[in-house]
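I opened my notebook beside the structure today. These are my entries, in the order I looked things up.

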Amino acid sequence: MTQPGKRSHRPSRPQRSHPPKRPATPDRPPVDDPARRAALDTLRAVRADDAYANLVLPRLLRERRITGRDAALATELAYGTCRAWGLLDEILAECVDRPLGKVEPVLLDALRLGAYQLLRTRIPAHAAVASTVDIVRRDLGPRVTGFANAVLRKVSERDEAGWLTSVAPTLEEDPVGHLAARTSHPRWIARAFADALGTTGDDLAAALQADDERPAVHLVARPGEVTAEELAAMTGGDPAPYSPYGVRLEPGSGDPADLDPIRERLAGVQDEGSQLCAVALTRAPLEGSDLRWLDLCAGPGGKAALLGALAGINGGTLDAVEPAPHRARLVEQATQGQPVTIHVADGREPGLTGGFDRVLVDAPCTGLGALRRRPESRWRRRPEDVGDLTKLQSELLTSALELVRPGGLVAYVVCSPHLSETEGVISSVVRKTDATVLDARPHFDGVPDLGEGPYVQLWPHRHGTDAMFFALLRR
Ligand SMILES: C[S@@+](CC[C@H](N)C(=O)[O-])C[C@H]1O[C@@H](n2cnc3c(N)ncnc32)[C@H](O)[C@@H]1O
């Protein structure tokens with residue numbers, strides 16, 4: 001995990017009543033605290049092992065049989081701390097008398113957890129400090145409890161707004177940097193969102209804030225197996241507003257893997273934005289043959305399963321390419337019983353005979369459009385990732401344009417609004433080929449706020465979907 005660069009603002013006067021001084025009590029037995037313990041172990045795995053919080057925490061909760069209010073608290077603390085990581089580090093850096101890199105990493109994890117509770121929860125300050133000091137005592141012994149206590153007491157001297165006046169630039173001097181700090185995003189990501197939205201105002205603030213919201217679970221009804229209305233009735237969800245196959249469940253409706261239609265493979269879990277992109281490719285009008293479809297980046301198979309079902313209904317076939325063998329196996333599982341052939345190959349040279357009628361390039365990307373699903377990912381991604389990815393994205397799109405027949409259609413999709421990954425890739429490839437960019441918006445039936453076109457950029461704060469980008473090209 002990265003630490004965002006420090007800014008040169010000093011703390012101002014206290015703005016919050018801080019907890020009463022509490023002497024370090026090295027001989028007091030530590031209290032058992034399964035929720036904070038699970039949250040802290042998650043933070044450690046994220047920092048030390050590059051783990052994903054949303055995979056580690058559910059496993060810990062299961063293994064330790066943590067349920068109910070403790071599970072809810074562990075989730076809030078682990079995910080919340082991951083999201084606020086960079087901001088918490090900036091604040092802690094103001095409260096520690098040495099560079100954060102010199103603080104024992106395990107101790108720093110605990111300080112982040114304590115600072116999060118102080119600044120972003122309603123947990124009383126004395127409880128946030130005492131519980132963190134207890135954990136520090138248990139893990140590291142009494143030698144650093146005084147230090148942890150002193151740092152957290154200093155954090156508790158102000159609320160988040162108070163700290164922001166020290167660690168964030170003002171709205172006037174740097175609107176993007178200000179919003180980035182206020183919503184706890186690295187500045188380069190806030191800049192990328194601002195560039196895509198064309199604003200540094202309220203719309204940008206809403207887009208960044210949406211990354212902290214818990215997304216609803218979206219299901220996709222497998223065409224030919226069940227309708228969205230039937231699936232909604234079976235699951236207690238609501239038909240999705242835009243996708244003809246989508247159902248939205250309330251956040252917190254439990255693990256969708258336990259639902260009968262998912263177990264029976266009548267439906268899958270898939271963001272509505274992803275569904276819309278797959279459906280848009282199939283709906284765009286095409287003259288001539290329309291039987292051979294290709295998914296050039298298929299793993300783990302969400303869009304392939306939807307395309308495979310629709311290809312089958314039309315009497316066509318789908319070829320699905322995926323270089324990672326374990327992901328290719330997931331495509332195989334997702335498309336069982338469909339007219340789908342899987343190729344474990346690099347999409348840039350898959351060794352397939354060309355002449356496909358419709359090709360999907362759902363390219364590897366930064367995933368900046370799905371930050372709400374991965375609490376730590378905003379701090380893990382780096383601006384340098386973008387260059388390598390855009391090269392691969394351009395090569396995959398070029399390959400797709402070679403594999404599609406003259407007159408055939410190619411959809412280029414990424415789960416990112418970053419302009420280099422979206423419009424930048426399209427313009428660099430189109431310049432070198434005879435492809436034409438088509439207006440994609442008419443194939444997103446009923447979806448509002450699609451802007452000037454010809455591309456479609458979905459947004460969590462506008463559409464409740466991931467921020468998927470879709471471009472449609474004709475060779
Ligand atoms: C965004 S994901 C695709 C998601 C998938 N279409 C779905 O809906 O489930 C990108 C996929 O591209 C694969 N990939 C990476 N490099 C590739 C390459 N050179 N050729 C083809 N696919 C590649 C990744 O392994 C990953 O599975």
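**Helix packing**

I began with helix α4 (residues 105–120) and α5, which pack at an angle of about 165°, their axes 9 Å apart. I took helices as DSSP runs of H or I of at least four residues, strands as runs of E of at least two, both numbered from the N terminus. The axes are lines fitted to C-alpha atoms, for helices over the stretch in contact, and angles run from 0 to 180 degrees between N-to-C directions. α4 and α5 are therefore roughly antiparallel to each other. My cut-offs are under 35 degrees for roughly parallel, over 145 for roughly antiparallel, 65 to 115 for roughly perpendicular, and oblique for the rest. I noted a right-handed crossing for α4 and α5. Right-handed means that the near helix is turned clockwise from the far one by less than a right angle; anticlockwise is left-handed.

Next I checked α5 (residues 125–140) against helix α6 (residues 145–155). Their axes come within 9 Å and cross at roughly 155°. α5 and α6 are therefore roughly antiparallel to each other. α5 passes α6 in a right-handed crossing.

**Ground rules**

I noted that this is a predicted model, where local features need pLDDT of at least 70, side-chain atom pairs count only at pLDDT 80 or more, and totals for chains, interfaces and linings use all residues. Residues are numbered from 1 along each chain as its sequence is written, and side-chain values use heavy atoms, with hydrogens and water left out.

**The ligand**

Which residues are closest to the ligand? I found G302, E322, R327, G347 and D362, among 19 residues that surround the ligand. A residue counts here if one of its heavy atoms lies within 4 Å. The shell divides into 9 nonpolar, 4 polar and 6 charged residues. Nonpolar covers Ala, Val, Leu, Ile, Met, Phe, Trp, Tyr, Cys and Pro; charged covers Asp, Glu, Lys and Arg; the others, Gly among them, are polar.

Then I looked for polar contacts, here pairs of N or O atoms within 3.5 Å. A backbone N or O atom of C297 lies 3.1 Å from a ligand nitrogen. A polar backbone atom of G302 is 2.8 Å from a ligand oxygen. For K303, a polar backbone atom is 3.0 Å from an oxygen of the ligand. Elements giving two or more residues to the shell are α14 (302–313) and α17 (384–403).

I found a cis peptide bond from G299 to P300, with omega near 0°. P300 lies in the loop between β5 (292–295) and α14. The bond from G453 to P454 is cis, with omega near 0°. P454 sits in the loop between β10 (436–438) and β11 (456–457).

Technical notes: A polar contact is a pair of N or O atoms within 3.5 Å; within protein, one must be able to donate a hydrogen and the other to accept it, and residues adjacent in sequence count only if both atoms are side-chain atoms.
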